[in-house]
Amino acid sequence: MIGGFFFFRVVLLPIANRSTDSENLIASALRRFSGIVWTALLTILISGLYNFITFFRSARADASMDPVVSDHSLYIFVLGIKLFIVFLIFTLAIVLTFPYPVFSVYQKRPAPWLNLTVIFGLIVIFLSAYLRRLG
């Protein structure tokens, strides 16, 4: 999903800006991309929920064996930051791809929102790698 937003920002928007009918091209691309976004959002939710449940099961098992050694407060703190940023990405993805008149203001000038989505996505990827090392 982040790769798609990156492609949209780096490749498609510059091409659309040179086109005479850039607004229709951008709107059409966003509509077509929305199916991928919704599939990715659902996949991310399912895999995130699975990882969340798996971690807390193993953390509970560790705590039952030795409560002093099994301090997971840093992991939970970083996970909370990651989940908040994922929520922001979901919100931006919905605003950019959902065909609702209220969102048309953002969809007509998507460049800054795409930049923000890609930056947030890179942060989430970094935090995910960091959490893998902690876990």
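Ground rules first. The model is predicted, so local features need pLDDT of at least 70, side-chain atom pairs count only at pLDDT 80 or more, and totals for chains, interfaces and linings use all residues. Numbering runs from 1 along each chain as its sequence is written, and side-chain values use heavy atoms, with hydrogens and water left out.

Helix H1 covers residues 2-18 and helix H2 covers residues 22-65. Helices here are DSSP runs of H or I, at least four residues, numbered from the N terminus. The axes of H1 and H2 come within 10 Å and cross at roughly 165 degrees. Axes are lines fitted to C-alpha atoms over the stretch in contact, and angles run from 0 to 180 degrees between N-to-C directions. That makes H1 roughly antiparallel to H2 (the label is for angles over 145 degrees). The crossing of H1 past H2 is right-handed, meaning the near helix is turned clockwise from the far one by less than a right angle.

Who touches whom? From H1, we have Gly4, Phe5, Phe8, Leu12, Leu13, Ala16 and Asn17. From H2, we have Ser22, Leu25, Ile26, Ala29, Leu30, Phe33 and Val37. Contact means heavy atoms within 4.5 Å. By class, this contact has eleven nonpolar, three polar and no charged residues. Nonpolar is Ala, Val, Leu, Ile, Met, Phe, Trp, Tyr, Cys and Pro; charged is Asp, Glu, Lys and Arg; the others, Gly among them, are polar.

Next, H2 against H3. Their axes are 10 Å apart, at an angle of about 165 degrees. H2 and H3 are therefore roughly antiparallel to each other. H2 passes H3 in a left-handed crossing, so defined when the near helix is turned anticlockwise. On the H2 side, the contact includes Leu30, Phe33, Val37, Trp38 and Phe52. On the H3 side, it includes Tyr75, Leu79, Phe90 and Thr97.

Then H3 against H5. The axes come within 9 Å and cross at roughly 155 degrees. So H3 and H5 are also roughly antiparallel to each other. H3 passes H5 in a left-handed crossing. Here the contact has 21 nonpolar, three polar and one charged residues.

Now the pockets. A pocket is an open set of points on a 1 Å grid over the protein atoms alone, where a 1.4 Å probe fits, with protein on both sides within 12 Å along at least five of seven lines; lining residues have an atom within 4 Å of a point. Volume is the space filled by probe spheres set on the points.

The largest pocket holds about 940 Å³. It is lined by 33 residues, and Gly48, Asn51, Leu79, Lys82 and Leu131 lie nearest its centre. H2, helix H3 (73-97) and helix H5 (111-134) each give two or more residues to this lining. H2 gives the most, with 13 residues. The lining has 20 nonpolar, nine polar and four charged residues.

The second largest pocket holds about 170 Å³. Its lining includes Glu23, Arg31, Phe98, Pro99 and Lys108. H2, H3 and helix H4 (104-108) give two or more residues each. Which element gives the largest share? H2, with five residues. By class, this lining has six nonpolar, three polar and three charged residues.

Methods: Angles under 35 degrees count as roughly parallel, over 145 as roughly antiparallel, 65 to 115 as roughly perpendicular and the rest as oblique.
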